[in-house]
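Hi,

Here is the structure I said I would pass on. Have a look at it first, then read my notes below.

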Amino acid sequence: MTLYIRREASKLWKRFCSEITTEIGLLAENWKYLLAGLLCQYIHGLAARGVHYIHRPGPTLQDSGFFVLPELGQDKGYISETVFTCVFLSFFLWTFHPFIVKSKKIYTVLIWCRVLAFLVACQFLRVITFYSTQLPGPNYHCREGSELARLPRPHNVLEVLLLNFPRGVIYGCGDLIFSSHMIFTLVFIRTYQKYGSKRFIKLLGWVVAILQSLLIIASRKHYTVDVVVAWYTVNLVVFFLDKKLPELPDRTTALLPVISKDRSKEENHKLLNGNGVDPADRRLRAQVNGKDSNGGHTDNGTNGA
(Lines give C-alpha, C1' and ligand atoms only; values in the text may rest on other atoms or scores of the structure.)
Protein backbone atom coordinates (compact mmCIF):
# COMPACT_ATOMS: atom_id res chain seq x y z
CA MET A 1 0.00 0.00 0.00
CA THR A 2 2.80 2.39 0.92
CA LEU A 3 4.65 1.56 -2.31
CA TYR A 4 1.51 2.26 -4.37
CA ILE A 5 0.95 5.63 -2.69
CA ARG A 6 4.59 6.56 -3.20
CA ARG A 7 4.46 5.59 -6.88
CA GLU A 8 1.25 7.52 -7.52
CA ALA A 9 2.58 10.55 -5.63
CA SER A 10 5.68 10.48 -7.82
CA LYS A 11 3.55 10.38 -10.97
CA LEU A 12 1.40 13.24 -9.70
CA TRP A 13 4.47 15.36 -8.91
CA LYS A 14 5.95 14.77 -12.37
CA ARG A 15 2.63 15.64 -13.97
CA PHE A 16 2.41 18.81 -11.88
CA CYS A 17 5.95 19.91 -12.77
CA SER A 18 5.36 19.22 -16.45
CA GLU A 19 2.17 21.27 -16.41
CA ILE A 20 3.91 24.12 -14.58
CA THR A 21 6.54 24.27 -17.30
CA THR A 22 3.90 24.32 -20.02
CA GLU A 23 1.76 26.97 -18.34
CA ILE A 24 4.76 29.23 -17.62
CA GLY A 25 5.53 29.23 -21.33
CA LEU A 26 1.93 30.18 -22.10
CA LEU A 27 1.95 32.82 -19.38
CA ALA A 28 5.05 34.42 -20.87
CA GLU A 29 3.18 34.77 -24.17
CA ASN A 30 -0.20 35.86 -22.80
CA TRP A 31 0.45 37.75 -19.54
CA LYS A 32 -0.56 41.07 -21.13
CA TYR A 33 -4.04 39.75 -21.89
CA LEU A 34 -4.48 38.40 -18.37
CA LEU A 35 -3.26 41.63 -16.80
CA ALA A 36 -5.55 43.71 -19.02
CA GLY A 37 -8.50 41.50 -18.09
CA LEU A 38 -7.80 41.81 -14.36
CA LEU A 39 -7.34 45.57 -14.69
CA CYS A 40 -10.74 45.79 -16.39
CA GLN A 41 -12.25 43.91 -13.43
CA TYR A 42 -10.95 46.66 -11.16
CA ILE A 43 -12.26 49.39 -13.49
CA HIS A 44 -15.66 47.67 -13.44
CA GLY A 45 -15.53 47.80 -9.64
CA LEU A 46 -14.70 51.51 -9.77
CA ALA A 47 -17.65 52.14 -12.09
CA ALA A 48 -20.02 50.27 -9.77
CA ARG A 49 -18.67 52.24 -6.82
CA GLY A 50 -19.06 55.50 -8.71
CA VAL A 51 -22.72 54.96 -9.56
CA HIS A 52 -23.44 54.46 -5.86
CA TYR A 53 -22.49 58.12 -5.26
CA ILE A 54 -25.28 59.27 -7.58
CA HIS A 55 -27.83 56.68 -6.44
CA ARG A 56 -31.06 58.16 -5.09
CA PRO A 57 -33.32 55.82 -3.11
CA GLY A 58 -37.02 55.77 -3.94
CA PRO A 59 -40.08 53.55 -3.96
CA THR A 60 -39.41 50.04 -5.25
CA LEU A 61 -40.55 49.71 -8.85
CA GLN A 62 -43.37 47.40 -9.83
CA ASP A 63 -41.84 44.04 -10.71
CA SER A 64 -43.52 40.82 -11.82
CA GLY A 65 -40.82 38.70 -10.21
CA PHE A 66 -41.43 40.34 -6.84
CA PHE A 67 -45.12 39.40 -7.05
CA VAL A 68 -44.29 35.75 -7.76
CA LEU A 69 -41.29 35.22 -5.46
CA PRO A 70 -41.58 36.14 -1.77
CA GLU A 71 -38.73 38.18 -0.37
CA LEU A 72 -36.10 36.11 1.43
CA GLY A 73 -35.38 38.93 3.84
CA GLN A 74 -32.18 40.32 5.26
CA ASP A 75 -31.48 37.24 7.38
CA LYS A 76 -31.62 34.88 4.34
CA GLY A 77 -29.97 37.10 1.75
CA TYR A 78 -26.78 35.09 2.12
CA ILE A 79 -28.31 32.13 0.25
CA SER A 80 -27.86 33.62 -3.22
CA GLU A 81 -24.30 34.69 -2.37
CA THR A 82 -23.52 31.18 -1.15
CA VAL A 83 -24.72 29.63 -4.41
CA PHE A 84 -22.71 32.14 -6.44
CA THR A 85 -19.59 31.50 -4.35
CA CYS A 86 -19.93 27.76 -4.97
CA VAL A 87 -20.25 28.35 -8.73
CA PHE A 88 -17.23 30.65 -8.77
CA LEU A 89 -14.98 28.36 -6.72
CA SER A 90 -16.05 25.24 -8.65
CA PHE A 91 -15.20 26.83 -11.99
CA PHE A 92 -11.94 28.29 -10.67
CA LEU A 93 -10.78 24.90 -9.39
CA TRP A 94 -11.84 23.20 -12.63
CA THR A 95 -9.62 25.51 -14.69
CA PHE A 96 -6.63 24.22 -12.70
CA HIS A 97 -7.50 20.54 -13.02
CA PRO A 98 -4.83 19.95 -15.75
CA PHE A 99 -2.19 20.23 -13.01
CA ILE A 100 -3.35 17.05 -11.29
CA VAL A 101 -5.68 15.14 -13.65
CA LYS A 102 -4.19 12.89 -16.29
CA SER A 103 -6.90 13.46 -18.92
CA LYS A 104 -6.64 17.12 -20.00
CA LYS A 105 -8.52 19.20 -22.53
CA ILE A 106 -7.62 22.81 -21.69
CA TYR A 107 -4.67 25.02 -20.81
CA THR A 108 -5.29 27.09 -17.69
CA VAL A 109 -3.71 30.31 -18.99
CA LEU A 110 -5.53 30.17 -22.33
CA ILE A 111 -8.92 29.37 -20.82
CA TRP A 112 -8.67 32.35 -18.46
CA CYS A 113 -7.69 34.65 -21.34
CA ARG A 114 -10.89 33.55 -23.04
CA VAL A 115 -13.06 33.89 -19.93
CA LEU A 116 -11.72 37.37 -19.14
CA ALA A 117 -12.45 38.48 -22.71
CA PHE A 118 -16.09 37.40 -22.28
CA LEU A 119 -16.34 39.10 -18.88
CA VAL A 120 -14.82 42.38 -20.05
CA ALA A 121 -17.14 42.62 -23.07
CA CYS A 122 -20.23 41.98 -20.94
CA GLN A 123 -19.12 44.33 -18.17
CA PHE A 124 -18.46 47.11 -20.68
CA LEU A 125 -22.08 46.86 -21.83
CA ARG A 126 -23.22 46.69 -18.22
CA VAL A 127 -21.44 49.89 -17.19
CA ILE A 128 -22.93 51.78 -20.14
CA THR A 129 -26.39 50.49 -19.19
CA PHE A 130 -26.48 51.29 -15.49
CA TYR A 131 -24.97 54.74 -15.99
CA SER A 132 -27.59 55.53 -18.65
CA THR A 133 -30.49 55.25 -16.19
CA GLN A 134 -30.22 54.95 -12.42
CA LEU A 135 -33.01 52.92 -10.86
CA PRO A 136 -33.86 52.95 -7.13
CA GLY A 137 -32.28 49.86 -5.61
CA PRO A 138 -34.71 47.16 -4.39
CA ASN A 139 -32.33 45.68 -1.81
CA TYR A 140 -32.95 46.45 1.86
CA HIS A 141 -29.82 48.58 2.24
CA CYS A 142 -30.67 50.65 -0.86
CA ARG A 143 -34.18 51.67 0.19
CA GLU A 144 -35.34 54.96 1.64
CA GLY A 145 -34.35 55.37 5.27
CA SER A 146 -31.20 53.24 5.03
CA GLU A 147 -27.89 54.92 5.86
CA LEU A 148 -26.20 52.90 3.13
CA ALA A 149 -28.58 54.01 0.37
CA ARG A 150 -26.55 57.18 -0.28
CA LEU A 151 -22.82 57.62 -0.12
CA PRO A 152 -21.38 60.85 1.29
CA ARG A 153 -18.93 62.75 -0.86
CA PRO A 154 -15.52 61.05 -0.64
CA HIS A 155 -12.89 62.79 1.49
CA ASN A 156 -10.03 61.85 -0.82
CA VAL A 157 -9.23 59.96 -4.01
CA LEU A 158 -7.85 56.99 -2.08
CA GLU A 159 -11.28 56.34 -0.59
CA VAL A 160 -12.68 55.90 -4.10
CA LEU A 161 -9.76 53.88 -5.48
CA LEU A 162 -9.81 51.37 -2.62
CA LEU A 163 -13.55 50.75 -3.21
CA ASN A 164 -14.06 50.58 0.57
CA PHE A 165 -13.41 46.85 0.16
CA PRO A 166 -15.16 44.60 1.09
CA ARG A 167 -18.02 46.64 2.55
CA GLY A 168 -18.31 48.85 -0.53
CA VAL A 169 -18.59 45.81 -2.80
CA ILE A 170 -21.17 43.96 -0.69
CA TYR A 171 -23.40 46.96 0.01
CA GLY A 172 -23.37 48.63 -3.41
CA CYS A 173 -26.42 50.38 -4.89
CA GLY A 174 -27.34 51.64 -8.33
CA ASP A 175 -25.46 49.12 -10.51
CA LEU A 176 -28.56 47.20 -11.50
CA ILE A 177 -29.03 46.61 -15.22
CA PHE A 178 -27.79 44.04 -15.74
CA SER A 179 -26.78 41.54 -13.03
CA SER A 180 -23.03 41.07 -12.56
CA HIS A 181 -23.61 37.79 -10.71
CA MET A 182 -25.38 36.42 -13.78
CA ILE A 183 -22.55 37.59 -16.05
CA PHE A 184 -20.04 35.47 -14.15
CA THR A 185 -22.41 32.53 -13.76
CA LEU A 186 -23.40 32.36 -17.43
CA VAL A 187 -19.86 32.90 -18.73
CA PHE A 188 -18.58 30.09 -16.53
CA ILE A 189 -21.39 27.75 -17.56
CA ARG A 190 -20.99 28.52 -21.29
CA THR A 191 -17.25 27.91 -21.02
CA TYR A 192 -17.72 24.56 -19.30
CA GLN A 193 -20.37 23.61 -21.86
CA LYS A 194 -17.71 23.89 -24.56
CA TYR A 195 -14.60 22.61 -22.81
CA GLY A 196 -15.94 20.46 -19.98
CA SER A 197 -16.30 16.70 -20.28
CA LYS A 198 -18.97 15.71 -17.73
CA ARG A 199 -22.46 15.75 -19.23
CA PHE A 200 -24.13 15.69 -15.81
CA ILE A 201 -22.19 18.78 -14.67
CA LYS A 202 -23.15 20.62 -17.88
CA LEU A 203 -26.83 19.94 -17.17
CA LEU A 204 -26.41 20.79 -13.50
CA GLY A 205 -24.80 24.10 -14.47
CA TRP A 206 -27.94 25.31 -16.26
CA VAL A 207 -30.11 24.19 -13.33
CA VAL A 208 -27.91 26.17 -10.95
CA ALA A 209 -28.07 29.20 -13.27
CA ILE A 210 -31.88 29.15 -13.14
CA LEU A 211 -31.79 28.70 -9.37
CA GLN A 212 -29.31 31.57 -9.06
CA SER A 213 -31.62 33.80 -11.11
CA LEU A 214 -34.58 33.09 -8.85
CA LEU A 215 -32.54 33.61 -5.68
CA ILE A 216 -31.23 36.98 -6.91
CA ILE A 217 -34.79 38.17 -7.49
CA ALA A 218 -36.08 36.67 -4.23
CA SER A 219 -33.31 38.34 -2.22
CA ARG A 220 -34.18 41.65 -3.98
CA LYS A 221 -30.61 42.21 -5.08
CA HIS A 222 -31.89 42.99 -8.58
CA TYR A 223 -35.11 43.60 -10.43
CA THR A 224 -36.33 40.84 -12.73
CA VAL A 225 -35.36 42.90 -15.78
CA ASP A 226 -31.72 42.88 -14.62
CA VAL A 227 -31.67 39.09 -14.67
CA VAL A 228 -33.63 38.72 -17.94
CA VAL A 229 -31.36 41.17 -19.77
CA ALA A 230 -28.30 39.33 -18.44
CA TRP A 231 -29.57 36.01 -19.82
CA TYR A 232 -29.81 37.11 -23.44
CA THR A 233 -27.00 39.68 -23.42
CA VAL A 234 -24.33 37.39 -21.97
CA ASN A 235 -25.30 34.46 -24.19
CA LEU A 236 -25.23 36.62 -27.31
CA VAL A 237 -21.89 38.21 -26.39
CA VAL A 238 -20.29 34.82 -25.72
CA PHE A 239 -21.79 33.36 -28.91
CA PHE A 240 -20.43 36.08 -31.21
CA LEU A 241 -17.14 36.72 -29.41
CA ASP A 242 -16.36 33.01 -29.31
CA LYS A 243 -16.33 32.98 -33.12
CA LYS A 244 -13.83 35.86 -33.23
CA LEU A 245 -11.35 34.54 -30.68
CA PRO A 246 -8.67 31.99 -31.73
CA GLU A 247 -9.67 28.46 -30.85
CA LEU A 248 -7.80 26.68 -28.07
CA PRO A 249 -5.39 23.92 -29.12
CA ASP A 250 -6.80 20.44 -28.59
CA ARG A 251 -4.87 18.60 -25.89
CA THR A 252 -6.54 15.28 -26.57
CA THR A 253 -4.70 14.75 -29.87
CA ALA A 254 -1.32 16.41 -29.54
CA LEU A 255 1.04 18.35 -27.36
CA LEU A 256 1.62 22.05 -27.70
CA PRO A 257 2.92 23.05 -31.16
CA VAL A 258 6.68 23.07 -31.45
CA ILE A 259 8.02 26.56 -30.66
CA SER A 260 10.99 27.32 -32.87
CA LYS A 261 13.52 30.13 -32.56
CA ASP A 262 13.51 30.36 -36.36
CA ARG A 263 9.92 31.58 -36.35
CA SER A 264 8.90 35.15 -35.59
CA LYS A 265 7.30 36.02 -32.27
CA GLU A 266 3.91 36.48 -33.94
CA GLU A 267 4.06 33.03 -35.54
CA ASN A 268 4.93 31.38 -32.24
CA HIS A 269 2.12 33.31 -30.56
CA LYS A 270 -0.37 32.03 -33.15
CA LEU A 271 0.85 28.49 -32.60
CA LEU A 272 0.34 28.73 -28.85
CA ASN A 273 -3.22 29.92 -29.43
CA GLY A 274 -4.08 27.13 -31.84
CA ASN A 275 -3.69 28.98 -35.14
CA GLY A 276 -1.42 28.43 -38.09
CA VAL A 277 0.03 25.07 -37.07
CA ASP A 278 2.30 23.69 -39.77
CA PRO A 279 1.16 20.20 -40.88
CA ALA A 280 4.83 19.16 -40.93
CA ASP A 281 5.01 19.86 -37.19
CA ARG A 282 1.95 17.71 -36.58
CA ARG A 283 3.44 14.82 -38.64
CA LEU A 284 6.74 15.14 -36.83
CA ARG A 285 5.12 15.01 -33.42
CA ALA A 286 2.97 12.06 -34.46
CA GLN A 287 6.00 10.11 -35.71
CA VAL A 288 7.92 10.86 -32.53
CA ASN A 289 5.00 9.45 -30.55
CA GLY A 290 5.16 6.25 -32.62
CA LYS A 291 2.29 6.99 -35.01
CA ASP A 292 2.15 8.09 -38.63
CA SER A 293 0.00 10.96 -39.91
CA ASN A 294 -2.93 8.61 -40.56
CA GLY A 295 -3.03 7.32 -36.98
CA GLY A 296 -1.18 4.03 -37.73
CA HIS A 297 2.04 2.91 -36.03
CA THR A 298 5.30 3.53 -37.85
CA ASP A 299 7.53 0.57 -38.69
CA ASN A 300 11.14 1.34 -37.91
CA GLY A 301 13.68 -0.73 -39.75
CA THR A 302 11.41 -3.33 -41.40
CA ASN A 303 10.13 -1.48 -44.46
CA GLY A 304 13.56 -1.23 -46.09
CA ALA A 305 14.35 -4.95 -45.88
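Let's start with helix 3: on the face turned away from its buried side, you'll find the exposed residues Tyr78 and Leu93. As for helices, they are DSSP runs of H or I with at least four residues, while strands are runs of E with at least two, and both are numbered from the N terminus.

Before going further, a word on the source: this is a predicted model, where local features need pLDDT of at least 70 and side-chain atom pairs count only at pLDDT 80 or more, while totals for chains, interfaces and linings use all residues. Residues are numbered from 1 along each chain as its sequence is written, and side-chain values use heavy atoms, with hydrogens and water left out.

**More on helix 3**

This helix covers residues 78-94, which is 17 residues. From first C-alpha to last it reaches 24 Å, close to the 24 Å expected at 1.5 Å a residue; the expected span is 1.5 Å times one less than the number of residues. Which residues of helix 3 are buried? They are Ser80, Val83, Phe84, Val87, Phe91 and Trp94. Seen down the axis, the buried residues of helix 3 fall within an arc of 100 degrees, so they line one face of the helix (the arc is taken from the directions from the helix axis to the C-beta atoms). Contact, here and below, means heavy atoms within 4.5 Å.

**The whole chain**

Now zoom out. The protein chain has 11 helices and zero strands. Of its 305 residues, 38% are buried. If you take contacts between residues at least 6 apart in sequence, 82% of them join residues at least 24 apart.

Tyr42 and Leu163 are 121 residues apart in sequence, yet their C-alpha atoms are 9.3 Å apart in space. Not counting residues up to four places away in sequence, Tyr42 touches Leu161 and Leu163.

**Two side chains to click on**

Arg190 lies in helix 7 and is partly exposed, with a relative accessible area of 24%. What does Arg190 contact, leaving aside its neighbours within four places in sequence? The answer is Trp206, Asn235, Val238 and Phe239. With Asn235, the side chain of Arg190 makes a side-chain to side-chain polar contact at 2.9 Å. A polar contact is a pair of N or O atoms within 3.5 Å; within protein, one must be able to donate a hydrogen and the other to accept it, and residues adjacent in sequence count only if both atoms are side-chain atoms.

Lys202 is in helix 8 and is partly exposed too, at 21%. A polar atom of the Lys202 side chain lies 3.3 Å from the backbone oxygen of Gly196.

Most residues other than glycine have a negative phi, and most peptide bonds are trans. Compare that with the peptide bond from Ile177 to Phe178, which is cis, with omega near 5 degrees. Phe178 is in the loop between helix 6 (167-170) and helix 7 (180-195).

Then there is Arg220, whose phi is positive, near 65 degrees. Arg220 lies in the loop between helix 8 (199-218) and helix 9 (224-244). Is Arg220 buried or exposed? It is buried, at 7%. Arg220 also lies over the face of Phe66, 4.2 Å from the ring centre; a charge counts as over a ring if NZ of Lys or CZ of Arg is within 6 Å of the ring centre and within 35 degrees of the ring normal.

**Aromatic rings**

Rings of Phe, Tyr and Trp (its six-membered ring) pair if their centres lie within 6.5 Å; planes under 30 degrees apart are stacked, over 60 edge-to-face, and the rest tilted. By this rule there are 19 aromatic pairs. One of them is Phe130 with Tyr131: their centres are 5.3 Å apart and their planes at 35 degrees, so the pair is tilted. Phe130 is buried, at 1%, whereas Tyr131 is partly exposed, at 32%.

Cheers

Definitions and conventions
Buried < 20%, exposed > 50% of the residue type's maximum accessible area, 1.4 Å probe, protein only.
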